[in-house]
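Please look over the sequence and the model shown here before reading on. The report that follows takes up a few residues and then the elements around them.

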Amino acid sequence: MEAIIYNQGGKKSGTLTLPETMFNLPWNADLVHQVAMSMLSSRRKGTAHTKDRGEVAGSNKKPWQQKGTGRARHGSKRSPIWRHGGVTFGPSNEKNYYRKVNIKMRQKALYTVLSQKLRDNEILFLRDLSLKDAKTKEAKAIFNQFGSIKGFEEMPTKRKNSLMLALTKKDENVERSFRNFGNISLVEARSLNVADLLNYRFVAIVNPEEYVKNAK
């Protein structure tokens, strides 16, 4: 499989042979859904918490005697049916939402999404991306150049979740220049994952030769 590599000016800069094991997998909705939902669940903090009858403040003394008063039987004011009593089946911050995902499943799901995005012409391969200074104005000009590439015209104008920019190496000027865009997310290429990829329309991989080499 041959893919075109562009420079940061939006011009063709060469080609790249893509491994079919990474970019030519058939779509597998069940696998992608399972991995994405598991990853999102594992990220859940579970901070919501309510007190049950054993945690609320108050006496555990029986309010009145069992019989002879004409009133209903009660054993504690902390009962959920009492005002200021405990909550029945409420959320607890002790619940663990973590779901294990096997490495091979996670990897195959990632390659499945990348393969589909390649078929949909939503992956942009960049030879390099560099800025002399950390200036948002220069980053904006580069971002607009991406829109001159056929199939990526919508990228600069999409207001939300437009581009996930994957960097194979850290570049402080690039990170500081592009982080001010609300429709762009910067990640390390090695940290690409299904849950984040599905949220963005386009993906740009900088220095794809190195990414493909390290991913094998």
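If neighbours within four places in sequence are left aside, asparagine 93 is in contact (heavy atoms within 4.5 Å) with Gly46, Thr47, Ala48 and His49. This is a predicted model, in which local features need pLDDT of at least 70 and side-chain atom pairs count only at pLDDT 80 or more, while totals for chains, interfaces and linings use all residues. Residues are numbered from 1 along each chain as its sequence is written, and side-chain values use heavy atoms, with hydrogens and water left out.

Asparagine 93 belongs to the loop between α2 (29-43) and α3 (103-119); helices (H or I, at least four residues) and strands (E, at least two) are DSSP runs, numbered from the N terminus. With a relative accessible area of 42%, asparagine 93 is partly exposed, where buried means under 20% relative accessible area, exposed over 50%, and partly exposed in between (1.4 Å probe, protein chains only). Between the C-alpha atoms of asparagine 93 and tyrosine 200, which are 107 residues apart along the chain, the separation is 31 Å.

Is asparagine 183 buried or exposed? Asparagine 183 counts as buried because its relative accessibility is 8%, and it is found in the loop between α5 (172-178) and β5 (184-188).

The strands form an open sheet of 6 strands in the order β2-β1-β3-β6-β4-β5, with mixed pairing; two strands pair if DSSP finds at least two bridges between them. The edge strands are β2 (12-17) and β5, each of which pairs on one side only.

| Strands | Sense | Bridges |
|---|---|---|
| β4 and β5 | parallel | 5 bridges |
| β3 and β6 (residues 202-206) | parallel | 4 bridges |
| β1 and β2 | antiparallel | 5 bridges |

Within these pairings, leucine 165 has leucine 186 in β5 as its bridge partner, leucine 124 stands opposite alanine 204 in β6, and tyrosine 6 has lysine 12 in β2 as its bridge partner. β1 and β2 form a hairpin with 5 residues between them, and glycine 10 in the turn has a positive phi of about 85°.

The largest nonpolar core has 32 residues, of which Phe23, Leu110, Leu114, Phe125, Val194, Leu197 and Tyr211 touch the most other members; such a core is a set of buried Ala, Val, Leu, Ile, Met, Phe, Trp, Tyr and Cys residues joined through side-chain atoms within 4.5 Å. Apart from this core lies another, of 22 residues, among them Phe143, Leu167, Phe202 and Ala204. Leucine 114, with its neighbours within four places in sequence left aside, is in contact with Met22, Phe23, Ile123, Leu197 and Tyr211.
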